[in-house]
Amino acid sequence: MSASNLHVYVMAAPLLTAFFVNLLGRVSKSWIAPLTLGCLAFSSVTSIIVLGRVMAYGGFSYVVGNWQAPYGIELVVDHLSAVMLVLISVVALIASMSALKSVSQELPDQEYLFFTLYLILIAGLFGLVLTGDAFNLYVLLEITSITTYGLIAMGKGRAPLASFNYIIMGTIGACFYLLGVGYLYLMTGSLNMADISQILQTIDGGAAVATALAFILVGLWVKMALFPLHGWLPNAYSLAPTGAALLAAPLMTKVTIYLMVRVMFSVFSVDYLFLQNPMVQNAIVWVAALAIICASALALAQRDLKRMLTYIIVAEVGYMVGGVWLANSTGMTGAILHIINDALMTLCLFLAVAAILYRLGSVEFDSLQGIYRKMPFTMAAFTVGAFAMIGIPPTAGFFSKWYLLLGGIEAGQWGYVVALLFSSLVNAVLFFRIIEIGYFFKEGEHHGHEIREEAPLMMQAPLLISAVALIVVGLGSGPLVENVIKLALPTGF
Amino acid sequence: MDQIMTLIIAKYNYWIYVTLMMIGFYAMIGKRNLVKKLIGMNIFQTAIILMFVSAGVKVGAKIPILDKYEVMKNGVQAADIVNPLPHVLMLTAIVVGVSVTGVALAVLLRIYREYGTLEEDEILEKLGK
């Protein structure tokens, strides 16, 4: 294991293990848990070592098959992608503990199929974060999407229909991205991101490069479910098997936002994006503000906890897209910090949902009555997650929202600031409603002896870990921003 | 008018790809039958393949298979050979397209078993009951 290809092992571990899970899982179920947890633990440890190395010596890259860049495919790791590697591997590790339990209940005898796709999805996410090649990024985007289609379609009832809608929308998104890359290739003759960015500075791209940027952005927005293009997400994530939602909900949208940041600043330049086209930048912040308000309003209308959370995810996408396009370093810091925090918050809330579903079989509001007495630990962790989502200090959600607000004020984008405050208020209403339902019974109903019936340890442990992580990350926001995020900002900030 | 015609004729391959893409896009958004949506998706992908492949074409150029000794003697004249890279990229894109189609067909099979139809309206009607 030499130092310069350490990050390749992070990606290779889940990819190779996926095949063993498929083979050995057929023979005996007892293989699945140790293989999955083992390879993800290996990835987590390795990615933390990669982050340490990047912090000490700066970024490095590895060319696959020894074909030198710009012709070969480069796997690059810098501060931002190292942070994302750690985030993905840790979230995946925590989520898979709970997923193992929930899948064995929801999809008995299909576990080996589920976890094969699950691990390939994780490998695809690692690849997306690492790749330095624009076309390779398209292929990896489709690897993550195809595995997600499969995972969603394993759900019950309407899940295949939701999966089919996602296939149609996801393909449109990926094809738009591919078209954008095509235009860039026609203009520059290169597919390596760093190489394209150098060539773009020397040529006058004109309309063709602007078209490329537009296609790539719209393609990624479909994939990340920015508000008017979000149609596929609520159904897909709420009907998917709980184990799949546990992984997809915290990671998929966040990684796509990382991709947007990567393409914006590694291929195009700050100068081109913000200074030459202030109108576009302004318009996108407004779209993000609109996305936050509309998605929050839609969340209010839901009567099912899981569906409500999916609409909150759509609102959070607006936060981060707006933060990136505010075009100042405070907003950018907020957006990157929010990628981390939102992944952890969503993970915590979905783990709580998984635990409740395991015991009750439903997370509709009506069935949540008296849940605090039934599952006190689960609901305590859920409350921490809810507070983070609302943005109550000292949970992590407060600090990134604070940066985003400051960035919005600094940029003079009042629409965005109002949208953030509105969404925080709506989140407060949403979660306090659930807390109220959970604490009290309907009047006149008699629940003398409510039996305490907690979820199994395999589901509670990750939930409590993620709740504690929210508070730890929140309290450690200062050093985290100073030592890691500041270095991870794209050049020009 | 003349200018527009010359513009269209000079870059006709791009116009064909845009037209094909719009047909595919219409089928994906407008059609109510799920299989037609899937076929629209394939047309959409094919349009992009056409765009890439036609970008590699050079008028009067040969296939990019070179005689080693000739190249060692005279070097490569880039204008004489077709650019092979877009074709290679599209091989990968075709593989991706086939896998997506495969997954989509499998999902359609499950939908058909569940509802007994692939018309979106009829499925929604059954769900509404």
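Buried means under 20% relative accessible area, exposed over 50%, and partly exposed in between (1.4 Å probe, protein chains only). Keep that handy for the exercises on this predicted model, where local features need pLDDT of at least 70, side-chain atom pairs count only at pLDDT 80 or more, and totals for chains, interfaces and linings use all residues. Residues are numbered from 1 along each chain as its sequence is written, chains are lettered from A and ligands numbered from 1 in the order in which they are written, and side-chain values use heavy atoms, with hydrogens and water left out.

**Exercise 1.** Find the partner that Lys29(A) meets in a salt bridge, and classify both residues.

*Solution.*
- Step 1: A salt bridge needs a side-chain nitrogen of Lys or Arg within 4 Å of a carboxyl oxygen of Asp or Glu.
- Step 2: Lys29(A) pairs up with Glu111(A), at 3.4 Å from N to O.
- Step 3: Lys29(A) sits in the loop between helix H1 (6-27) and helix H2 (32-57) of chain A, while Glu111(A) belongs to helix H4 (residues 111-130), so the pair ties together parts 82 residues apart in sequence. Helices here are DSSP runs (H or I, at least four residues), numbered from the N terminus.
- Step 4: Glu111(A) has a relative accessible area of 10%, so it is buried; Lys29(A), at 44%, is partly exposed.

**Exercise 2.** Work out how many salt bridges join chain A and chain B.

*Solution.*
- Step 1: Over all chains, the whole structure holds eight salt bridges.
- Step 2: Between chain A and chain B, the count is zero.

Key. Helix = DSSP H or I, 4+ residues; strand = E, 2+ residues; numbered from the N terminus.
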